[in-house]
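I opened the notebook with the two chains side by side and wrote down what I looked up, entry by entry.

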Amino acid sequence: MCFLKIISHSANSAPLRLILLSCLVVACPRALHAQRANESPGQMPAAVQACVGCHGKDGEGNSNSGSPRIAGQSAYYLLKQLDSYANGSRRDRVMEPIAKGLPPEIRADIAAHYATIDAPFDERAGPRRPPERGRVLAIEGDNRLGVPACRNCHGPGGVGEPPNIPYIAGLDAGYHSGELSAWKTGTRTNDAGQQMFRIAAALSTEDIHAVAQYYASLPPPRPAPLNLLQAPPPQKKLAPGTTAVAGSEDQRQEPAGAEQGAPMRGGTQGKGATEEVKDKPAGGTKDSGGSDGSKAAPKTPTTSSGTNWPRLSDAAKEGTAPVLSDQPALAGDPARGRAILASGIHGCAACHTIPGIRSPKGIVGPPLGGVRARGFIAGQLPNRPDVLVAFLQNPPALVPQTGMPNVGLTREQARHIAAYLYSLGTNDAR
Amino acid sequence: MATTRAEVDAILIGVGLVGAILGRELTRAGLRVVGLERGAPRHTVPDFQGPQMHDELRYATRKALMQDNTRETYTFRHTIKDTALPIRRWASFLPGTGLGGSMVHWNGQTFRFQDHDFQQYSHTVARYGKKFIQPDVTIQDWGVTAAELEPHFDRFEYLLGTSGKAGNIKGKKIPGGNIFEDPRSREYPTPPQKEPYGSAIFRKAAEGLGYHAYPQPSCNLSQPYTNPEGLTLNTCTFCGYCERFACEHFAKSTPQTVLLPLLLNDSKFELRTGCQVLHINVDNSGKTATGVTYVDASGKEIELRASLIIVGAYATNNARLLLLSKIGAPYDPETNKGVVGRNYAYQTMSYPQVFYDESININPFMRSGANGTMIADFAGDNFDHGSLGFIGGAYIGEIMTNGRPIGFHPTPPGTPSWGVKWKQAVVRHYNHTSTINVHGSSVATRWNYLDLDPTYKDAWGLPLLRMTFDFPENDIRMSAYCTQKTIEIGKQMGGKLVTGSPRKRPYDITEYQTTHNTGGTIMGADPSTSVVNRYLQSWDVPNVFVIGASNFPQNASYNPTDTVGALAYWSADAIVTKYLKSPGPLMNK
């Protein structure tokens with residue numbers, strides 16, 4: 001609260017005020033919430049209190065009660081779900097009465113509130129070793145069942161595609177499989193294209209369980225850039241001093257979009273419509289404490305004038321951050337990699353000649369000496385550690401025509417093997 | 001020396017749309033069938049999955065799903081006086097390869113040709129007189145009627161699950177559909193896709209001018225659909241990656257989604273991929289095909305014997321295969337004799353654009369390959385040509401298939417083609433521009449044809465197909481008229497600027513226009529002017545059936561796939577109910 005006061009007293013220039021405001025909205029949601037509470041006493045606290053009980057104080061979810069993580073899910077998506085509970089297209093004994101009891105504008109406020117929260121995620125909470133079947137469905141799909149891979153729409157790593165496609169990474173497995181079953185049985189029907197109905201209907205109970213386990217093991221993304229959060233702009237309820245700038249800017253973009261549906265980039269190119277969305281502070285993900293957040297705040301999105309829509313590059317930067325964290329670092333142990341290869345369990349040497357590994361010196365695939373000096377993996381992928389690790393785990397997923405089968409390496413194993421292969425000198429090739 | 005393999009009942013040359021349909025029908029009739037596919041086996045999972053499938057550079061720019069023209073291409077020239085040169089990069093049209101064929105990368109635009117398209121010669125003579133047809137224009141009748149094909153159109157559309165709105169059910173015209181279409185027996189299997197904003201603007205403008213707007217019939221489905229074969233398709237997600245791409249969502253009707261899973265599980269069917277057919281073998285009498293010779297994936301030459309051969313290897317390749325196999329007399333334009341390669345036709349496209357101010361957001365990325373609103377008031381002979389001096393026409397529609405970042409950069413005339421100003425113009429106009437398709441017909445002429453190139457050979461040492469083509473005067477006039485009509489509609493669409501010019505000569509093989517190559521093995525009632533009879537059976541070698549857009553004597557205003565599918569079912573029906581009972585010519589010469 002005192003931070004807010006400082007802003008309203010010291011930020012006299014409009015651009016500076018806007019910058020500080022944007023920072024606040026992203027990094028300091030609870031401060032914002034408190035601010036709003038001040039303005040309309042009795043409304044927001046009560047409304048959010050209704051959520052906190054099950055979804056946690058920051059919307060981080062509670063697996064004991066089967067309440068999903070909602071922090072950082074887009075406002076559009078969250079509002080749609082609340083509306084769906086209210087209109088019966090999504091059924092739940094707990095959520096229906098709550099949603100029905102909330103006036104539409106309060107639903108929108110709640111949605112906007114949780115959309116901005118970067119809540120902590122306990123990586124140890126998810127399953128350690130999710131079933132392989134879950135990973136296959138998530139990134140490959142199933143031809144026989146006519147099920148496309150989840151990541152076609154929900155993005156690599158399940159990070160979603162805000163505003164309309166939710167993230168599914170880091171969702172509680174019990175909740176997730178419950179929802180897939182709801183699609184399947186028809187108690188959830190709020191999907192205009194019926195894609196989810198069709199997909200879930202094709203999945204068996206075991207498949208549903210496996211895919212839910214898989215996504216529960218992945219970290220959820222951080223909140224999408226402020227500009228993608230398309231709920232009714234909460235800014236209009238801010239203190240008068242700060243509202244005018246941000247609120248009116250946002251309003252100006254609304255009419256065109258409202259009529260034509262999702263103009264996510266409409267009007268970026270207007271004159272003077274330059275805007276910079278800088279990188280979020282490093283390490284901000286894990287800092288959920290309010291004071292830490294506000295310290296980090298000055299580095300968050302800054303908007304100069306014109307429009308709030310992001311540049312594509314920025315959206316990508318923001319959106320893919322969790323994907324990068326999902327990618328394996330090359331922290332493998334060459335000795336363990338050699339041991340895995342030498343064990344013969346995965347049959348690597350049946351096709352490849354690998355220096356340091358005895359027999360059978362197969363010639364089906366290329367010899368692996370001097371891999372680090374090669375330009376490409378499998379003749380077409382860039383030879384980078386992360387790519388090699390991903391390729392080893394599932395070669396046909398990256399190079400569909402490759403003759404190299406998926407031998408069922410875990411990421412750990414692939415990392416160790418990659419480390420060993422990169423340790424081989426070019427001389428080993430001969 | 002070719003190795004000989006065990007004889008089978010029937011061979012499919014090419015396993016795309018035609019191969020999949022014929023394979024299914026022939027195995028059902030009890031035949032043992034081998035499908036020879038020159039390309040790779042590929043399936044929705046894992047081959048078409050995201051995010052790789054949305055690699056625009058790989059698939060749209062570098063055309064990863066197309067025929068490998070380092071091994072096999074066509075040569076091209078404008079007139080018989082020119083020397084043809086090989087096409088080293090696909091641009092004007094994009095023949096596919098691999099399991100599922102070109103239908104894997106199609107847009108899903110699904111139209112029936114109209115009856116006057118099938119009777120174009122006699123209809124034109126009856127309505128306008130013989131003199132109305134310009135000299136050297138060699139249009140002719142197909143030998144079938146729309147009424148005969150209706151059950152097969154119906155069956156094919158229900159196989160695909162096409163999303164559309166009927167305009168004529170059993171003779172009753174239905175506003176909101178294509179009221180010019182011939183009677184169909186029932187409604188489309190699924191309702192039309194959602195209408196995009198730009199298309200809604202077009203609808204308003206077209207209806208304001210008194211035209212009959214209707215939704216583009218689409219094979220990117222509007223809702224889940226289970227076809228009569230028991231296969232289920234998903235709803236399209238409007239990702240905008242249809243044409244040149246394969247669908248990752250099981251939402252586009254392709255052989256992979258509507259037939260192949262059943263066919264590949266059928267013990268009577270065997271798929272052999274990586275098999276390049278060199279020629280069909282014909283016995284000494286010249287009247288019976290004995291099988292085919294192909295090179296398998298390991299480079300071995302194989303002779304495979306069969307009593308029935310189905311050629312379904314894409315229009316142009318069908319013609320080449322007959323020429324290489326010496327089935328039917330090659331066409332010679334100088335003497336106007338011979339039939340194989342005759343009446344090659346194309347389509348005559350133009351693309352006016354409407355540039356809006358920044359208050360109108362078109363969102364071109366939110367599309368499917370067959371999603372929009374169109375009119376058929378100027379298609380085929382749906383309007384009076386009496387004073388116009390040309391035959392044929394165009395459908396006109398706001399059917400933007402995509403807004404992909406590399407390919408879609410609308411800029412108004414006068415914009416520099418590179419540099420800062422160009423970039424600024426792209427940013428300014430990307431989301432505020434509508435493109436209107438003027439999808440025009442193509443007449444056949446004496447001088448547009450296909451034959452074997454005397455110079456250039458493919459990777460197997462066989463002559464390439466030579467294409468001789470330029471736009472006929474008739475079609476230049478047609479394009480001028482229909483493009484003008486489109487610009488008039490564009491002006492009613494509220495844009496700040498409408499641009500567009502009709503198609504002009506010379507034909508530019510380096511600019512994408514359409515993959516609707518037709519003719520070369522045309523169907524008809526007269527063996528002196530057609531390669532196959534009305535059942536698509538070779539006049540010369542009756543156990544060879546040639547099926548595809550190569551059967552079209554000339555090309556209509558509409559996209560060809562629906563008509564190819566109907567012809568495939570029509571021919572399959574004749575084979576199963578007539579030919580197999582008594583093998584031999586189904587029609588007398």
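What percentage of the 589 residues of chain B count as buried? I noted first that this is a predicted model, and then that 59% of the residues of chain B count as buried.

Entry on the overall form of chain B. I looked up the radius of gyration, which is 23 Å for chain B, and this agrees with the value near 25 Å that a compact globule of 589 residues would have. Along the principal axes, the C-alpha atoms of chain B fill a box of roughly 70 × 55 × 50 Å. I counted 13 helices and 25 strands in chain B. When I took the contacts of chain B between residues at least 6 apart in sequence, I found that 75% of them join residues at least 24 apart.

Entry on chain A. For chain A I recorded 20 helices and four strands, and I noted that 43% of its 430 residues are buried. Of the contacts in chain A with a separation of 6 or more, 68% are between residues 24 or more positions apart.

Entry on one sheet of chain B. I followed an open sheet of four strands, whose order is β4-β3-β22-β21 in chain B and whose pairing is mixed. Its edge strands are β4 (85–86) and β21 (449–457) of chain B, each of which pairs on one side only. I then looked at how β3 of chain B, residues 74–77, is joined to β4(B), and found two bridges, with the two strands running antiparallel. For Thr75(B), the bridge partner in β4(B) is Pro86(B). I also noted a helix against this part of the chain: α10 of chain B, residues 315–325, lies across β3, β21 and β22 (463–468) of chain B, and runs at about 70° to β21(B).

Which elements of chain A each supply at least two residues of the side that touches chain B? I began with the totals, and found that the contact takes 28 residues from chain A and 26 residues from chain B. The elements of chain A that each supply at least two residues are β1 (141–142), α9 (151–154), α11 (195–202), α13 (240–260) and α19 (395–398). Of these, α9(A) gives the most to the side of chain A that touches chain B, with three residues.

Notes:
Residues numbered from 1 in each chain as written. Chains lettered and ligands numbered in written order. Predicted model: local features only at pLDDT ≥ 70, side-chain atom pairs only at ≥ 80, totals over all residues. Rg over C-alpha atoms; globule rule 2.2 N^0.38 Å. Buried ≥ 20, exposed ≤ 12 C-beta atoms within 10 Å, placed from the backbone. Contact = placed C-beta atoms within 7 Å. Pairing = 2+ DSSP bridges. Axes fitted to C-alpha atoms, helices over the stretch in contact; angles between N-to-C directions.
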